Amino acid sequence: MNYQELIRQIALNDERIIVMTAENRAVLRELPPVLGERFIDVGIAEQTMIGAAAGLALRGRIPICHALAPFLIYRAYEFVRTDVGIAHLPVKLSSWIAGFLSEANGPTHQAIEDVALMRAIPGMTVFCPADEADMLAMLPAIWASPDPAYVRLIVRKTDYTHAPFEIGKAEVIREGSDITLLVYGLLFEEARQTVPLLEQEGLSVGLINMRSLKPVDEEAIVRAAKTSKRLVTIEDHLLTGGLYSIVAEVLLKHGLSAEVQPLALEERWFHPALLSDVLAHEGFTAEQLARRITLPGWV
Amino acid sequence: MTTDSLSFSPASHADLAQLALRVREHILRMSTDGGCFTGASLSCADLFVFLYTRFLRIGPDRLSDPERDYLLLSKGHDVPALYATLAELGWIPVERLKNHLKTNDFIYWHPNRHLPGVEFHSGSLGHLPAVGVGIALDIKLRCGQNRVVVVTGDGELDEGSVWEALLVASAYRLDNLVIVVDRNHFQANLPTEELIPLEPLAPKFEAFGCAVERISGHDFAQMEVTFSRLPFQTGKPSVIIADTIRGKGVPSIEARADRWFCNFTHEEVEALLGELRGEAQAHLTSETLTVR
């Protein structure tokens, strides 16, 4: 099973599904002959794709829209907000190469504000699966929901077997009394490798896959804050408006004070390179994460 | 031409003119106590009266009928003309227009879908050509016969998204899509030709793969002939450039750059209503050019 296999299965059983793309076919190559006229490529015209998706949704369709994350989100943002958001239409946004996944493309292609911008839209839901299996487990529920949705696509494979998905629920991998790592997207795998490294330092470590960022699992965050001495948020996103902000909002709402260490991009774009080099350069490999978490002053 | 589901079917162009007069009266009555975009509403009043009585296969009794035609108001700031037309045709009670700008209703400076007949909200220019493309695509997918009319302004054509949508409409051969340009020759503060010239306009649309006709947006006979010929060409989106006069019907605000958004005193509204009926020209002292 992969992304387009999933679409094929769902679309063939549900004629409401329309697959749209602004000429981003990376994960859609086999779909045109399968879907026929229900595959709509508008060319490099993200605004028109989103506006047209709203029109299709008004007619009862469920459009799944594809484009590179920065163009889907930033070029077309006002169309997402105004046409999809205000009307609360079931338009599903599938973003390609969000966060560190843009690798060597450079800042023009870096969607590291996407979570902040998408969750700011009333009624928009936001999901960041950890790997391909996680994504495939999540998408059927996301597409079946009547809400507009933004999903950071990921096709990286890991050997982790995820728990079943429920919108608004985090996947609590493990609990720990010293530190709980909260993470989403591709950095889940790095965080998972970080856990044994921290345990070698004698720390009790929890790990939560924050796959549903909006709605967010407040209970999981509150529980981690109460049972763990420190929360660490890990994200390939700007510090502003992402998971760190979400955790801060939840803690404030519940009248809780907690030590929270953010590992994110602070007021800058990341250095473009191949993914493994980006991770190493920006300090997000498992070893580097462990080192940053155990830095004097943070222990 | 089908008018079977219309609640009001004027027999003659004289009837249409009478209806348009009443629509313009409503627009002027909404031009006080906070005001509205009077000039742009007056320019497209005749177009709305024609479309809703003579062209669109639509009515308050078939709002959810998937076979109905669609009118999408992309230049949302002229919504007083739409609401006045819908009120005159019985879609909403005329009394409801008195809720203009009140918190007990949804009648404000741009369209809201709570009002029956408003297919989609607008206000941000350059959006509804794309939304219209989506609706037209779905109609094609379902082999439907309904038409999608998108009314745009002329200043709105500055927005690149209009042209992006036309490229896509042409590529998908959406001949069920009709763009009607309310060519009142003004954008907000200036004549279009003084700021961002649009002429020659028809060749621009033709270059984007559309079939284009240019008419007077105040001449019901021309509208009748032109709209009856849609689509102008099989496989191409149609564009009707309707030349109009901003502020049409009220000489003291006609074609004036400084009468875009108007908030008149009650006395001025009464005088303008008289002017609309052919009485003496009103003496206006209200502040001009209130930019919203």
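## Helix 6 of chain B and the residue after it

Just after helix 6 of chain B, B:Arg173 takes a positive phi of about 55 degrees; helices here are DSSP runs of H or I with at least four residues, strands are runs of E with at least two, and both are numbered from the N terminus. This is a predicted model, in which local features need pLDDT of at least 70 and side-chain atom pairs count only at pLDDT 80 or more, while totals for chains, interfaces and linings use all residues. Residues are numbered from 1 along each chain as its sequence is written, and chains are lettered from A and ligands numbered from 1 in the order in which they are written.

Helix 6 of chain B (residues 160–171) has 12 residues and reaches 17 Å from its first C-alpha to its last, close to the expected 16 Å, the expected span being 1.5 Å times one less than the number of residues. Its buried residues include B:Val162, B:Leu166 and B:Val168, where buried means that 20 or more other C-beta atoms, placed from the backbone, lie within 10 Å of the residue's own, exposed means 12 or fewer, and partly exposed lies in between. The buried residues of this helix pack against helix 5 (128–141), strand 2 (148–153) and strand 3 (177–183) of chain B, and also against helix 3 of chain A.

## The contact between the chains

In all, 22 residues of chain A are in contact with 18 residues of chain B, contact requiring C-beta atoms, placed from the backbone, within 7 Å. On the side of chain A that touches chain B, the elements giving two or more residues are helix 3 (46–58) and helix 5 (77–85) of chain A, and helix 3 of chain A provides the largest share, nine residues.

## The open sheet of chain A

Five strands of chain A form an open sheet with mixed pairing, in the order 7-9-8-11-12; two strands pair if DSSP finds at least two bridges between them. Strand 7 (171–174) and strand 12 (259–265) of chain A are the edge strands, each pairing on one side only. Within chain A, strand 8 (residues 179–183) and strand 9 (residues 205–209) run parallel and are joined by five bridges, with A:Ile179 standing opposite A:Val205 in strand 9.

## A:Ser276

A:Ser276 is placed in helix 11 (residues 275–282) of chain A, and this residue is exposed because 10 other C-beta atoms lie within 10 Å. A:Ser276 and A:Phe100 are 176 residues apart in sequence, yet 9.7 Å apart in space, C-alpha to C-alpha.

Definitions and conventions. Two residues are in contact if their C-beta atoms, placed from the backbone, lie within 7 Å.
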